[in-house]
Amino acid sequence: METTFNKRKIEGKTAVVVGGGISGASVCYALSQRKIKTILLESESSPATQASGNPIGVVYPFLTKHKTKESEFSYLAYRYFLELWEALDLGIHVPHKDGIHFLLETSSAYDRYSNAIKSHQIPADTVLIKKEKHSNFDSLYFQKGKAISPIALTKELLRLANPELKFNSPLLRWQPSETNGKNPDDGTLICQTETESISANYLFLTQGYQFTNDPKLRWIPMKQVRGQIANIPGSICKNETSILYGDYITAELNGERVLGASFDEFHLEKEPRTKETIMMWEGLQKHLANVISEDQAIDLKNFGTRVSYRTQSQDRHPVVGKLPNVSELDTTVKYQNLFRKNGKPFQIPYFESVGILNGLGSRGLTHALLAGEILVNQITNQTLDNSQLTMEIPEHIIQSLKPDRFLLRMWKRDQLT
Ligand SMILES: Cc1cc2nc3c(=O)[nH]c(=O)nc-3n(C[C@H](O)[C@H](O)[C@H](O)COP(=O)(O)OP(=O)(O)OC[C@H]3O[C@@H](n4cnc5c(N)ncnc54)[C@H](O)[C@@H]3O)c2cc1C
């Protein structure tokens, strides 16, 4: 794709991306569109081994009755996902099945979501209210919503972006370089792995729940949330599209389906819980008895299980933006007195060329591509004139994603120590 941005500004610049999940791959893709040399550091020996490593995930937007910043972002991200999906022919390489039914089992759910369609002005070729045939409930039907392989999607984005891949290379620490880019050959940052120091002009942090290993990120109120899924033989169920009813049963991909997903922010053990698989199976029987094939002998012990961890921010909105440098704040000054100090407007100190993309919660597959584009645009200051991004991203949505919101909120509450 041809781009017409200021090439001189980025010539010879290097970006380091930390984390090879869907977030890191999305950032790599956005960097590749700006032709910025990119190095991807991943702790593990291959991409998508953590949250992005489930066999199947579902892609559809989060909607609320009236527009909220979360629903606006989610719907935009969904549209962006579908635009890229088509423009890049992702369906050739990424196993997928189109069609998501989101069941409206109560009249209040029907009211909420029929209003959501109106308030978000969603056209009928994107979502319809339609009977789901196995349950006979009305449902929001996202015709182009997808069950996909998150691993294949991550790998395909990396193949398209073609960064220099460094597996088994956890980032240990990073800091601004002493010369701070004053020598033409130096970057502004030094990234340290076990075996080398990498000089970079831009750094993108997408470590998922392991963000707590980075002392410069620990102040951000995000937490690790355990999730368990069951993967079951495809023949056990009959549904051709994915169906969501609180939990979800996916369409069949490569002979299997995923029944998911549990949510526990308090107990985080890695071992699968048999009880959770039973509860999810009973939930499926209760909501969707008719999708279960009659002629199948079912032994829950034969279900595969996988435990992984989402990262969720305090307000459940993703964290996407330039990283504030909290160590440069004088927190002995009360937030309430900030704006009076010398009468000058208060400026948040940032690590100017460091961005974070995290806190994607349960919607990372839907949200990561747009979040990556927004972040790279912000950090490199390079808007693509000829972008695949045909939609406008309202400034209030970009602002709402920034980590700054927590900094100000926590300062106000004297929680920044
Ligand atoms: C059970 C479950 C079911 C889900 N289902 C869905 C779904 O159906 N649809 C959907 O949209 N979303 C779903 N999600 C959410 C989605 O999976 C996540 O939001 C998304 O995968 C997060 O991607 P990520 O790249 O931010 O994190 P991760 O995939 O965890 O990637 C982070 C990467 O960083 C690496 N890393 C960490 N520290 C370092 C370091 N110091 N140096 C180098 N590398 C490092 C890790 O090894 C890892 O590969 C689900 C999540 C769970 C837990």
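Helix axes here are lines fitted to C-alpha atoms over the stretch in contact, and angles run from 0 to 180 degrees between N-to-C directions. Keep in mind that this is a predicted model.

Q: At what angle do helix H3 and H8 pack, and is H3 roughly parallel or roughly perpendicular to H8?
A: Helix H3 covers residues 69-87, and its axis runs 8 Å apart from that of H8. The packing angle is about 85 degrees. Angles of 65 to 115 degrees count as roughly perpendicular. So H3 sits, relative to H8, roughly perpendicular.

Q: Which residues of H8 does H3 meet?
A: From H3, the residues taking part include Leu-76, Tyr-80, Phe-81 and Leu-84. The contact of H3 with H8 divides into eight nonpolar, three polar and no charged residues. On the H8 side, the partners are Thr-366, His-367, Leu-369 and Leu-370.

Q: How many residues surround the ligand?
A: The closest ones are Gly-19, Gly-21, Gly-208, Gly-227 and Gly-364. Elements giving two or more residues to this shell include helix H2 (22-33), strand S12 (222-233) and helix H8 (364-380). By type, the shell splits into 13 nonpolar, 23 polar and four charged residues. In total, the residues surrounding the ligand number 40.

Q: Which residue in the hairpin of S5 and S6 takes a positive phi?
A: Strands S5 (residues 127-131) and S6 (residues 138-148) pair in the antiparallel sense over five bridges, and Lys-131 stands opposite Asp-138. Six residues lie between the strands. Most residues other than glycine have a negative phi. In this loop, a residue other than glycine has a phi near 65 degrees, and that residue is Asn-136.

Q: Which two residues does a cis peptide bond join?
A: Look in the loop between strand S15 (256-260) and helix H6 (274-288), where Ala-261 is found. Most peptide bonds are trans. Here omega is about -15 degrees, and the cis bond joins Gly-260 and Ala-261.

Note on methods
Residues numbered from 1 in each chain as written. Predicted model: local features only at pLDDT ≥ 70, side-chain atom pairs only at ≥ 80, totals over all residues. Pairing = 2+ DSSP bridges. Helix = DSSP H or I, 4+ residues; strand = E, 2+ residues; numbered from the N terminus. Near = placed C-beta within 6 Å. Nonpolar A, V, L, I, M, F, W, Y, C, P; charged D, E, K, R; others polar. Parallel < 35°, antiparallel > 145°, perpendicular 65-115°, else oblique. Contact = placed C-beta atoms within 7 Å.
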